[in-house]
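I opened the notebook to record what I looked up, beginning with a single side chain and moving on to the aromatic rings.

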Amino acid sequence: MDVTLHLAQEPEADELLGRSPLAALVGMLLDQQVPMEWAFAGPHTIARRLEADDLDAHEIAAYDPDEFAALLSAKPAVHRYPGSMAKRIQQLCAYLVEHYDGDPTALWESAASGKELLGRLTDLPGFGKQKSQIFLALLGKQLGVRPDGWREAAGAYGEPDAYRSVADITGPESLQRVRTHKQQLKAAAKASGK
């Protein structure tokens with residue numbers, strides 16, 4: 001994995017996301033209740049605070065939980081809820097260590113189908129169906145991970161030129177198109193009283 005992503009909208013953070021499967025997974029995990037750029041800049045901030053060039057699932061899983069929470073809480077905080085997200089990141093890394101020897105690429109390298117890969121992603125701590133489908137779409141659209149049936153397994157997020165999620169962001173213009181789509185969804189939900 002060595003591509004250029006534009007999710008954090010910061011060159012160094014995006015470079016890490018493009019070369020580090022764990023950074024991309026952690027960014028996706030953080031992508032809730034904060035702006036997308038903030039979430040996807042998080043892995044770079046964590047790596048810097050760990051004085052490392054990349055994230056390591058073994059190291060993070062073994063880190064003292066209170067110290068890891070403090071690391072994410074230091075100003076500027078990695079997330080709006082740094083303590084709970086520190087716990088979730090450690091749970092994700094522990095799961096990867098236990099099931100994939102700490103190697104996130106093992107999630108998709110041996111997946112025989114998009115459906116199987118979606119199941120593996122959904123099994124990850126902190127990954128529900130929607131987050132898993134979005135990450136599957138990101139893998140397929142931008143990272144070249146395309147097991148048979150990946151688009152179908154990703155649902156609407158797998159559609160070409162959909163501009164629904166981070167999977168479709170390749171620069172400032174597509175970022176704006178995704179934001180516009182999300183605003184339209186919120187307005188429609190508000191209008192229908194949901």
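I looked up Thr 105 and found it buried, with a relative accessible area of 14%, where buried means under 20%, exposed over 50% and partly exposed in between (1.4 Å probe, protein chains only). I noted that this is a predicted model, in which local features need pLDDT of at least 70 and side-chain atom pairs count only at pLDDT 80 or more, while totals for chains, interfaces and linings use all residues. Residues are numbered from 1 along each chain as its sequence is written, and side-chain values use heavy atoms, with hydrogens and water left out.

I then turned to the rings of Phe, Tyr and Trp (its six-membered ring), which pair if their centres lie within 6.5 Å, with planes under 30 degrees apart counted as stacked, over 60 as edge-to-face and the rest as tilted. By this rule I have three aromatic pairs. One of them is Tyr 63 with Phe 68, edge-to-face at 5.6 Å centre to centre and with 65° between the planes. For Tyr 63 I noted a partly exposed residue with a relative accessible area of 23%, whereas Phe 68 is buried at 0%. Phe 127 and Phe 135 also form an edge-to-face pair, with 6.3 Å centre to centre and 85° between the planes, and I found both Phe 127 and Phe 135 buried. I recorded that Trp 108, Phe 127 and Phe 135 form one aromatic cluster.
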